[in-house]
Amino acid sequence: MPNPWTGTGNPYTKQEVVDRLKATLAKGEPIIAAGAGTGISAKFIEKGGADLIIIYNSGRFRMMGHGSTCGLMAYGDANAIAMEIGEYEVLPVVKEIPVICGVHATDPRRRMWHWLGRVKEMGFSGVNNFPTHTIVDGHFRGVLEETGMSVQKEFEMVGLATRMDMFSIVYVATPEEAIEMAKNGADAIIAHVGTTVGGSIGVTNAVVSWDHTVKVTQDIIDAAKSVNPNVFTLTHGGPINTPKDVEFILSKTSADGFVGASSLERMGVEDSLTTLTREFKKVPKP
């Protein structure tokens, strides 16, 4: 059952979240997970029918008007920011759907078992690996791997969350990472193909093609399913921005759904506020 103290809403057990997502697919609907950086975003994302809400530190920067990549930089304590958004903004206004907490698993200052205990105690129904080093590449990725901030820490965090009966929905950038996440009990694996295009702060040059997006997404799905045929698989990032884009990628892959952060929260605010303000400015002055 849902929350044993109130009878509704968060926290849900790992199996309860899995069952909810299975029910979504059984109705012939895609799974839609949405990032929320503010309480009002979460409130109306839930009203729109999303299946999951994910909170991570980049949401705060995104709703400040900055790029989501700020979440990967040293602009604050990623774990503390996600916890604060959840405690004071999102969890108090979300009535029913599961809320997932972004966890920076490679933070060397945290005892991860202790931190996950606090996440669970706060009322989150699961975890997500963000900020994630899976989307860091090149020389810097090599430095991180060799100096104790390896992606292995993210795999271990997911394994720990699994033992603590917490649902996990995780970002990966390669089939190899998908395999390791599945081995550690990840319930849902997100194929991350890069920063979302479009809008005022989306990428315009650092983009990937649709052919690349489709191939990488399906390769990741196949790898995850080779370990756990029942794992949920979702798409995220790159050129996948609008509902039509989601329809396209779901038609070209066997993904179960989509995770939208900038494409749901930021784009919704940018478009609606711009349009509404222009309408106000059109009001004639007698």
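Visitor: Let's start with alanine 255. Leaving aside its neighbours within four places in sequence, which residues is alanine 255 in contact with?

Guide: Happy to begin there. Keep in mind that this is a predicted model. Once the neighbours within four places in sequence are set aside, alanine 255 is in contact with Ile221, Thr233, Thr235 and Leu250.

Visitor: Where does alanine 255 lie, and is alanine 255 buried or exposed?

Guide: Look in the loop between α10 and β8 (257-260). The relative accessible area of alanine 255 is 12%, and buried means under 20%, so alanine 255 counts as buried.

Visitor: How far apart are alanine 255 and methionine 112, in sequence and in space?

Guide: They are 143 residues apart in sequence, and C-alpha to C-alpha they are 30 Å apart in space. Glycine 117 has its place in helix α5 and, at 28% relative accessibility, counts as partly exposed.

Visitor: Since we have reached α5, how do the axes of helix α5 and helix α7 cross?

Guide: Helix α5 covers residues 112-122 and helix α7 covers residues 152-163; their axes come within 10 Å and cross at roughly 55°. That angle makes α5 oblique to α7. The crossing of the two is right-handed.

Visitor: Which residues make that contact of α5 and α7?

Guide: From α5 there are Met112, Trp113 and Leu116, and from α7 there are Met157, Leu160 and Ala161. Sorted by class, the contact of α5 with α7 has six nonpolar residues, no polar and no charged ones.

Visitor: And at what angle do α8 and α9 pack?

Guide: Helix α8 (residues 175-183) packs with α9 at an angle of about 30°, the axes being 8 Å apart. Angles under 35 degrees count as roughly parallel, so α8 is roughly parallel to α9. Here too you can read the handedness: α8 passes α9 in a right-handed crossing. On the α8 side, the contact is made by Pro175, Ala178, Ile179, Ala182 and Lys183; on the α9 side, by Asp219, Ile220, Ala223, Ala224, Ser226 and Val227. These residues divide into eight nonpolar, one polar and two charged.

Visitor: Now the aromatic rings. What describes a pair of aromatic rings?

Guide: The general idea is simple: a pair is described by the distance of the centres and the angle of the planes. In this structure, the count comes to five aromatic pairs. Take phenylalanine 130 and tyrosine 171: their ring centres are 6.1 Å apart and their planes stand at 70°, so the pair is edge-to-face. Phenylalanine 130 lies in the loop between β4 (126-128) and α6 (138-146), while tyrosine 171 lies in strand β5 (residues 167-172), so the pair ties together parts that are 41 residues apart in sequence. Both phenylalanine 130 and tyrosine 171 are buried.

Visitor: Which residues do ring pairs link into a cluster?

Guide: Tyr56, Phe130 and Tyr171 form that cluster.

Visitor: How far apart are the ring centres of tryptophan 210 and phenylalanine 248?

Guide: Their centres are 4.9 Å apart and their planes are at 75°, so this pair is edge-to-face. Tryptophan 210 lies in helix α9 (residues 210-227) and phenylalanine 248 in helix α10 (residues 243-252), so the pair ties together parts that are 38 residues apart in sequence. At 28% relative accessibility, tryptophan 210 counts as partly exposed; phenylalanine 248, at 33%, also counts as partly exposed.

Terms used: Residues numbered from 1 in each chain as written. Predicted model: local features only at pLDDT ≥ 70, side-chain atom pairs only at ≥ 80, totals over all residues. Heavy atoms only, no water. Axes fitted to C-alpha atoms, helices over the stretch in contact; angles between N-to-C directions. Helix = DSSP H or I, 4+ residues; strand = E, 2+ residues; numbered from the N terminus. Parallel < 35°, antiparallel > 145°, perpendicular 65-115°, else oblique. Left-handed = near helix turned anticlockwise from the far one by under 90°. Contact = heavy atoms within 4.5 Å. Nonpolar A, V, L, I, M, F, W, Y, C, P; charged D, E, K, R; others polar. Phe/Tyr/Trp six-rings, centres within 6.5 Å; stacked < 30°, edge-to-face > 60°. Buried < 20%, exposed > 50% of the residue type's maximum accessible area, 1.4 Å probe, protein only.
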